[in-house]
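Here is a briefing on one protein chain, arranged by topic. Look at the strands first, then at the helices and the cores.

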Amino acid sequence: MHRFADRVALVTGAASGIGRATAERLASEGASVFCVDVQKDQLCQVGDAIAAAGGIAEVRTGDVGDERQVDETVAACVAHFGKLDVLCNVAGILRFDHFHELRTEDWNRVLSINLTGTFLMCRAAIPHLLPTRGNIVNVASTAAVAGQPWAAAYAASKGGVLALTRTLAVDYVKQGLRVNAVLPCDIVTPIMNVFTMPEGANPKLLRRVMSPMGTGKPEQVAGVIAMLASDDGAFITGEQIRVDGGTFA
């Protein structure tokens, strides 16, 4: 398929996991992909892999929680490729805490990346997406719509992403800009390897967020993102699509 021929996509969190799978999927369908992440070495590997597969990619390190870096990143993308058609906000962090032990600085860090980072990227990108009648796909989480143990900061941030998605979809519907969200759950990504269970946590509580189909793959989420970002999703906006293997069916 070449659903993204002559289109430019900016993907955050592109160094690994769902972000990498999304960048590679869009590139494989003809997009010129601007890949953004804080992990420079891994990001360069993604750019090389896309090029080796015959795709087009440019990489740039940047923190989505930093307003100046976000503005410069979007400007660099448009300067390099000449326009912007698709924004995929995938960058995110996760931590588990007993809520009464959650430190304010940890709460703020999670929200700064997951929610404020999405806000900053959308704000910087929308002036460039309006002329191309482009679209935005935000990665939220099933934690936005169902209780997830020990993840208060993460759930609050992803709930905010979902609310922001719906609001932007309504705000810009008459201007031709679509905004949607995917809600993954139980996907094998590096984010799952960097958190620790809080002391004394009951592992049985995790069963409520485990898919009966088994653990999902980043590529499966990327496929849904690609559908929403393509013309196949032309009549979809303000929508949330769970990619959770029936966890909350």
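E6 and E7 pair in the parallel sense over 4 bridges, where two strands count as paired if DSSP finds at least two bridges between them. Ala181 has Gln240 in E7 as its bridge partner. Helices (H or I, at least four residues) and strands (E, at least two) are DSSP runs, numbered from the N terminus. This is a predicted model, in which local features need pLDDT of at least 70 and side-chain atom pairs count only at pLDDT 80 or more, while totals for chains, interfaces and linings use all residues. Residues are numbered from 1 along each chain as its sequence is written, and side-chain values use heavy atoms, with hydrogens and water left out.

**The sheet**

- The open sheet has 7 strands in the order E3-E2-E1-E4-E5-E6-E7, with parallel pairing.
- Its edge strands are E3 (56-61) and E7, each of which pairs on one side only.
- Neighbouring strands are turned by 15 degrees against each other on average, direction ignored.
- E2 and E3 run parallel and are joined by 6 bridges, and Val33 stands opposite Ala57 in E3.
- E4 and E5 pair in the parallel sense over 4 bridges, with Val86 opposite Asn135 in E5.

**Strand E6**

- In E6, 7 of its 7 residues are buried, meaning under 20% relative accessible area, whereas exposed is over 50% and partly exposed in between (1.4 Å probe, protein chains only).
- In a regular strand the side chains alternate between the two faces of the sheet.
- Both faces of E6 are covered, with Arg178, Asn180, Val182 and Pro184 buried on one side and Val179, Ala181 and Leu183 buried on the other.
- E5 and E6 run parallel and are joined by 5 bridges; Val179 in E6 is the bridge partner of Ile136.
- The chain crosses from E5 through H5 to E6 in a right-handed β-α-β crossover (with the strands pointing away from the viewer, the path from the first strand over the helix to the second runs clockwise).

**Helices**

- H5 (residues 152-171) has 20 residues and reaches 28 Å from its first C-alpha to its last, close to the 28 Å expected at 1.5 Å a residue; the expected span is 1.5 Å times one less than the number of residues.
- The buried residues of H5 include Leu162, Thr165 and Leu168.
- Among the elements that cover the buried residues of H5 are helix H4 (104-132) and E5, contact being heavy atoms within 4.5 Å.
- H3 (residues 67-81) lies across E1, E2 and E3 and runs at about 155 degrees to E2; axes are lines fitted to C-alpha atoms, for helices over the stretch in contact, and angles run from 0 to 180 degrees between N-to-C directions.
- E2, H2 and E3 make a right-handed β-α-β unit.

**Nonpolar cores**

- A nonpolar core is a set of buried Ala, Val, Leu, Ile, Met, Phe, Trp, Tyr and Cys residues joined through side-chain atoms within 4.5 Å.
- The largest nonpolar core has 29 residues, of which Val11, Leu26, Val33, Val182 and Ile225 touch the most other members.
- H6 supplies the largest share of this core, 6 residues.
- Not counting residues up to four places away in sequence, the contacts of Leu26 include Phe4, Val33 and Ala226.
- Another core, of 26 residues, lies apart from it and has Val78, Leu84, Ile126 and Leu168 among its members.

**Ile236**

- Ile236 is found in the loop between H6 and E7 and is partly exposed, with a relative accessible area of 25%.
- Ile236 touches Arg178, Asn180, Met227 and Leu228, not counting residues up to four places away in sequence.
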